[in-house]
Amino acid sequence: MEDFKVILIGYSGHAYVAHGILTSTGKDVYAYFDNIAKKDNPFNLEYLGNENSENAILILSKNNFFIAIGDNHIRRKVYEHLAIKSTYPINAIHTSAIIYSNATIGKYGVMISAGVIINPLSKIGNGVICNTGSIIEHDCIVEDFVHIAPGAILCGNVVVGENTFIGAGSVIKQGITIGKNVTIGAGTVVVKNIPDNSTAYGNPAQLK
């Protein structure tokens, strides 16, 4: 396995950002898997077919790869399909991100974009996306396969449950717990706990 060469799973707008993160660290992103070959191929990557094929599993088991899919549930499904074969994605962490040394980052499939700040004693799970310019303050817990969208702010001691989406520009008050499978709309200000399987938006946040 060549440490600097990487394959993407998924190749659309979110993957373009992942490509930029990986190349910022000196990685050579040279190919992709997706359901079909993409007409738009801005980075001239080689198409390797569908990631669910037996041949794909063999290729991925011998190469570095990253799951470049923004949708939490689809990303998790792909991750778990590969994990059954003991095949795991690398992390993609932009060189401009600030991550304090006593913060904990998951081992597999984490994306941390440009300008992200992760402050002391926070814990980030596997498959998490911390998108451009988001801020994770001290002592936060972000569970597996969460997506923190661009510019969102988690104040101190916030807990975000698995598979939850925090919309762009949202602000989560300190000490708040947001459940699993939640969608927080863009620009939402969350000042009370949000239960599992909910959608919330507005200032202050209201359940839909």
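Biologist: Where do Arg 76 and Glu 80 lie?
Modeller: Both are in helix α3, 4 residues apart, which is about one turn of the helix. This is a predicted model, by the way.

Biologist: And how far apart are the closest N and O atoms of Arg 76 and Glu 80?
Modeller: They are 2.8 Å apart, and the two residues form a salt bridge.

Biologist: Is Arg 76 buried or exposed?
Modeller: Arg 76 counts as buried, because its relative accessibility is 18% and the cut-off for buried is under 20%. Glu 80, at 38%, counts as partly exposed.

Biologist: What else does Arg 76 meet in a salt bridge?
Modeller: Glu 162, with 3.0 Å from N to O. Glu 162 sits in the loop between β16 and β17 while Arg 76 is in helix α3, so the pair ties together parts 86 residues apart in sequence.

Biologist: How many salt bridges does the structure hold?
Modeller: There are 4. One of them joins Asp 28 and Lys 5, at 3.0 Å from N to O. That pair links strand β2, which has Asp 28, to strand β1, which has Lys 5, across 23 residues.

Biologist: Switching topic: how much space lies in the largest pocket?
Modeller: About 270 Å³. It is lined by 17 residues, and the closest to its centre are Asn 35, Glu 51, Ile 69, Ile 74 and Val 78.

Biologist: Which helix gives the most to that lining?
Modeller: Helix α3 again, with 4 residues.

Biologist: How do the lining residues divide by type?
Modeller: Into 7 nonpolar, 7 polar and 3 charged.

Conventions:
Residues numbered from 1 in each chain as written. Predicted model: local features only at pLDDT ≥ 70, side-chain atom pairs only at ≥ 80, totals over all residues. Heavy atoms only, no water. 1 Å grid on protein atoms, 1.4 Å probe; cavity = no way out; pocket = protein on both sides within 12 Å on 5 of 7 lines; lining within 4 Å. Points joined across faces, edges and corners; volume = space filled by probe spheres on them. Helix = DSSP H or I, 4+ residues; strand = E, 2+ residues; numbered from the N terminus. Nonpolar A, V, L, I, M, F, W, Y, C, P; charged D, E, K, R; others polar. Salt bridge = Lys/Arg side-chain N within 4 Å of Asp/Glu carboxyl O. Buried < 20%, exposed > 50% of the residue type's maximum accessible area, 1.4 Å probe, protein only.
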